Amino acid sequence: MKRIGCFLICIFNCYYVAAQGRTSNWYFGYGAGIRFENYSPFFLLDNGIDTIQEGCAAISKSNGELMYYGSPELAFNRQHDTLHNGAELAGNFSSTQGALFIPNPLDTDVVYYVNQLPSHVYSIVRTTESFPLGEILAGEKNILLKDSSSEKTTAVHHANGKDIWIILRDNPEDTMLAFLVTENGINPNPVKSALPYGYYGAQGQLKSSPNGKFLAESTGAQYSWNNHYQAFLYKFNNATGVVSETLPISDTLLFSYGCEFSANSKYVYFTNYFASISGGIFQYSLENFDSTSIQNSRYIHSVSYGNSM
């Protein structure tokens, strides 16, 4: 749900870490954007999204040229016009991770746009002769992926280096769902993994590590206040889609909403909603995957405020 004043609004949910190629262009709300060239950022002021407070997404071609970007309710082309039939998408501006672009692993003219609230749906964006900047066909819009799901969505490459997993936290069932994206599309039958610690709310972020071996989940600030566990770590098998070895993080100083991994997958970071009290970003080492070692490795990066990452 709505969180205003984010420290970092990196909630386009891209599954690549290096901000090059597919992730060269980042677009946020209120007309903001960043482009990376040779790992050097500069501001973009051509964003067509007038206002969005949470989930947004962008995807570029492998050469770094912008393809599409959008909010959970709208999709734009590289000329910053609404895609043909790209309005009235079944997402919500106040979904934490309500927008995610996934390229077809083989067909460069096909991209899947996943949106959320209260269910996960997706639309197929195609480059066609009639609409070379992209369109969504009427019969390929707002296709149901999972009803009654949480706001937590991420993606990571399959172990084969080609296919992609879309990973969702179910709501209210205690399961993680992994949908496989192949050249044939999104498999509607997910790999289901039971989670042992119960349901900790629909809000907050879910992220995958760049090496495909870990997942991190923030419980959402309001659940962190009232529960014993403020965040969770999981092992992920990117060959099978199975989630295992859940590790809770119990830290009375942490009220977590956002999370992210380092580029080398050796560290995980959680934003702290009450940064003015106990620091803004909590860093933990993944060198040893056990609760005691991880919690003892805590390092607090002091910033003024922390929310999404």
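**Salt bridges and an open sheet**

User: With which residue does the side chain of K152 meet in a salt bridge, at 2.6 Å from N to O?
Analyst: This is a predicted model, where local features need pLDDT of at least 70, side-chain atom pairs count only at pLDDT 80 or more, and totals for chains, interfaces and linings use all residues. Residues are numbered from 1 along each chain as its sequence is written, and side-chain values use heavy atoms, leaving out hydrogens and water. A salt bridge puts a side-chain nitrogen of Lys or Arg within 4 Å of a carboxyl oxygen of Asp or Glu. For K152, the partner is E217.

User: How many residues apart are K152 and E217?
Analyst: K152 lies in strand β12, residues 149-157. E217 lies in strand β18, residues 214-218. A strand is a DSSP run of E, at least two residues. The pair links distant parts of the chain, with a separation of 65 residues.

User: Is K146 buried or exposed?
Analyst: The side chain of K146 meets that of D147 in a salt bridge of 3.4 Å. Buried means under 20% relative accessible area, exposed over 50%, and partly exposed in between (1.4 Å probe, protein chains only). D147, at 43%, is partly exposed. K146 has 17%, so this residue counts as buried.

User: Which strands are the edges of the open sheet of 4 strands?
Analyst: The order is β17-β18-β19-β20, with antiparallel pairing. Two strands pair if DSSP finds at least two bridges between them. β19 and β20 share 5 bridges. The strands that pair on one side only are β17 and β20.
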